[in-house]
Amino acid sequence: MGGTMMRPEAVQFVRKALGLEGSTALEVMPLSKRGSDRVFFRVSWSPNGSVIVIDYDPKRRENCYYASITHFLEGISVPVPHALGHDPSNHLMVTEDLGETDLWSLRGSQREIRDGLYRQTLSAMQRFHSFPEKEFPTERVLLMEPFDGQLYKWERDYFRDHFVEAVCHIRLDLPFSGALETELSQLADRLMAGPRCLVHRDLQSQNVMIRGGKPVFIDFQGMRFGSPFYDLGSFLCDPYVELTDEERIGYLSAYYGLSDWGYDWDAFRGLFWGASAQRLMQALGAYGFLGLSKGLTAFLEYIPAGLENLESAAGHTTGLPHLRELLGRCRAVWTERMGHPKGVIS
């Protein structure tokens with residue numbers, strides 16, 4: 001996979017995909033590193049042309065699915081970046097350049113602007129959530145395995161290994177660990193018993209670009225079938241953006257009006273908070289893993305917000321007492337470390 005320099009194969013592929021002459025001067029700028037084993041470049045040329053080049057690691061299987069999922073989503077009118085070329089042998093992809101503005105960058109905008117973008121995003125989300133599973137073209141569009149008991153268990157183990165133990169240095173004794181596992185397994189069962197649809201899997205504000213005042217989804221290579229509440233929790237309890245619970249419930253209500261999942265409002269809201277807790281455990285595990293194991297220390301900055309949102313989500317449910325107790329312990333450790341003269345992470 002490429003580093004800060006774009007591979008010669010990539011330069012050749014860009015010229016071929018776009019029909020550019022060899023004499024056309026290209027300006028290549030590496031973009032900020034993300035946590036998906038992919039490297040991104042903006043390639044520009046005169047007078048005003050530019051594209052995004054994705055150099056992906058094929059060992060991470062979901063990266064190989066991005067191109068076909070892009071074509072599928074575009075075909076059902078879900079806003080995604082237009083694919084201009086794909087070279088699977090060299091694991092390269094060229095897409096349109098959506099610019100620099102994402103939903104996260106507008107978090108400080110006027111309430112009316114942000115409110116409109118959130119509602120548009122929820123409406124666009126509902127387009128793929130409502131796509132009938134029986135009509136999905138499995139013969140030409142590959143997805144990762146659906147959410148099941150094994151994946152939900154992987155997420156909660158990821159949380160315990162990379163956040164509870166690695167970040168908070170908390171080792172759980174066997175009785176408590178067993179009781180926690182029981183209640184989190186029951187949470188997974190509740191989510192699996194609910195409706196199943198296409199989910200983005202990482203639907204947070206930095207994965208919603210804004211082009212011409214409208215949202216466009218990116219980073220959907222992990223798309224699979226699962227609970228719609230997982231995407232709703234990802235989006236509305238996103239640690240990167242500060243929303244009040246009142247705002248979250250307002251947006252959730254807007255989505256509820258678009259959908260017909262067969263739940264009354266109280267049951268719908270309860271599943272939302274449960275799925276939010278599940279998603280936030282995964283997010284905190286990811287911050288610990290990426291920040292400590294991968295050296296992407298910027299992710300550590302979002303731990304306080306992620307922990308606060310997880311405490312809020314767990315507090316809105318009645319079936320997670322051991323998780324709430326554990327989060328209190330994590331909060332105490334984190335608060336103590338924030339005041340430690342040697343820094344945040346030891």
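Tyr263 is found in the loop between α7 (245-258) and α8 (265-293), where helices (H or I, at least four residues) and strands (E, at least two) are DSSP runs numbered from the N terminus. The model is a predicted one, in which local features need pLDDT of at least 70 and side-chain atom pairs count only at pLDDT 80 or more, while totals for chains, interfaces and linings use all residues. Residues are numbered from 1 along each chain as its sequence is written, and side-chain values use heavy atoms, with hydrogens and water left out.

Because its relative accessibility is 24%, Tyr263 counts as partly exposed; buried means under 20% relative accessible area, exposed over 50%, and partly exposed in between (1.4 Å probe, protein chains only). Leaving aside neighbours within four places in sequence, Tyr263 is in contact (heavy atoms within 4.5 Å) with Gly194, Pro195, Phe229, Tyr256, Phe268 and Leu271. One of these, Pro195, is 68 residues away from Tyr263 along the chain, and the C-alpha atoms of the two are separated by 9.9 Å.

Tyr263 also belongs to a cluster in which ring pairs link it with Phe229, Tyr255, Tyr256, Trp265 and Phe268. Rings of Phe, Tyr and Trp (its six-membered ring) pair if their centres lie within 6.5 Å, and planes under 30 degrees apart count as stacked, over 60 as edge-to-face and the rest as tilted. A search of the whole structure finds 23 aromatic pairs. Among them is the edge-to-face pair of Phe72 and Phe136, with 4.9 Å from centre to centre and 70° between the planes. Since Phe72 lies in helix α2 (residues 66-75) and Phe136 in the loop between α3 (111-129) and α4 (149-165), this pair ties together parts that are 64 residues apart in sequence. Both Phe72 and Phe136 are buried.

Turning to another loop, Ser205 is found between β6 (197-199) and β7 (208-211), and with 0% relative accessibility it counts as buried. The side chains of Ser205 and Asp238 are joined by a polar contact of 2.6 Å, a term that means a pair of N or O atoms within 3.5 Å; within protein, one must be able to donate a hydrogen and the other to accept it, and residues adjacent in sequence count only if both atoms are side-chain atoms. The loop between β6 and β7 also holds Arg201, whose phi is near 90°, a positive value in a residue other than glycine. Arg201 is buried, with a relative accessible area of 12%.

A positive phi, near 55°, is likewise found in Asp219, which has its place in the loop between β8 (214-217) and β9 (224-226). In the loop between β2 (38-45) and β3 (49-56) lies Pro47, which is joined to Ser46 by a cis peptide bond with omega of about 5°.

Finally, the protein chain as a whole has ten helices and nine strands, and buried residues make up 51% of its 346 residues.
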